[in-house]
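Subject: Structure handover

Hello,

Here is the structure I promised to pass on. Please open it and keep it in view while you read.

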Amino acid sequence: ASHWGGDSIGYTAKHMWNLKHWGNATRCENPECVYPRRNSAGVLYIKPKRYEWANKSGQYLRDRSDWMQLCPSCHRKFDRGIISIQ
């Protein structure tokens, strides 16, 4: 039996598909992202501890051009509409 979920798969499964096909995110594709920097509490960060896949369109397409690699800070800002990344 096939385990293909089609377009009705959940959030986690969509991100797991990315990992399987494109691997772990390895950098921040936001050209405005600058490290080292200090957070709001004044703690110095040399570089992010990890990177994440972020969806551009909100449609979660299985197309690499619909996704970008971001550090967690830029990912949260992008999802909240604080920053725009082309």
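First, some ground rules. The model is predicted, so local features need pLDDT of at least 70, side-chain atom pairs count only at pLDDT 80 or more, and totals for chains, interfaces and linings use all residues. Residues are numbered from 1 along each chain as its sequence is written, and side-chain values use heavy atoms, with hydrogens and water left out.

**The whole chain**

The chain has two helices and four strands. Here helices (H or I, at least four residues) and strands (E, at least two) are DSSP runs, numbered from the N terminus. Read from that end, the order is α-β-β-β-β-α. The C-alpha trace spans about 55 × 20 × 20 Å along its principal axes. Of the 86 residues, 29% are buried. Buried means under 20% relative accessible area, exposed means over 50%, and partly exposed is in between (1.4 Å probe, protein chains only). Now take contacts between residues at least 6 apart in sequence: 50% of them join residues at least 24 apart. Contact means heavy atoms within 4.5 Å.

**Strands S3 and S4**

S3 covers residues 52-55 and runs antiparallel to S4, with four bridges joining them. Two strands pair if DSSP finds at least two bridges between them. Trp53 stands opposite Gln69 in S4. S4 covers residues 67-70, and both of its faces are covered. Trp67 and Gln69 are buried on one side, Met68 and Leu70 on the other.

**Helix H2**

Which residues of H2 are buried? They are Pro72, Cys74, His75 and Phe78. Seen down the axis of H2, these buried residues fall within an arc of 160°, so they line one face of the helix. The arc is that of the directions from the helix axis to the C-beta atoms. S3 and S4 are among what covers them. After H2 comes Gly81, with a positive phi near 80°.

**The loops**

Gly23 sits in the loop between helix H1 (11-22) and S1. Its relative accessibility is 24%, so Gly23 counts as partly exposed. Leaving aside neighbours within four places in sequence, Gly23 is in contact with Asn18 and Trp53. Gly23 and Trp53 are 30 residues apart along the chain, yet their C-alpha atoms are separated by 9.7 Å.

Pro36 is also in the loop between H1 and S1. The peptide bond from Tyr35 to Pro36 is cis, with omega near -5°.

Look next at Tyr60, in the loop between S3 and S4. Tyr60 is not a glycine, but its phi is positive, about 55°. At 29% relative accessibility, Tyr60 counts as partly exposed.

**The largest pocket**

How is empty space found? Rolling a probe the size of a water molecule over the atoms shows where it is left. A pocket is an open set of points on a 1 Å grid over the protein atoms alone, where a 1.4 Å probe fits, with protein on both sides within 12 Å along at least five of seven lines; lining residues have an atom within 4 Å of a point.

The largest pocket has a volume of about 260 Å³, which is the space filled by probe spheres set on the points. It has 13 lining residues, and the closest to its centre are Tyr35, Arg37, Asn39, Tyr45 and Ser73. Strand S1 (37-38) and helix H2 (72-79) each supply at least two residues of the lining.

Best wishes
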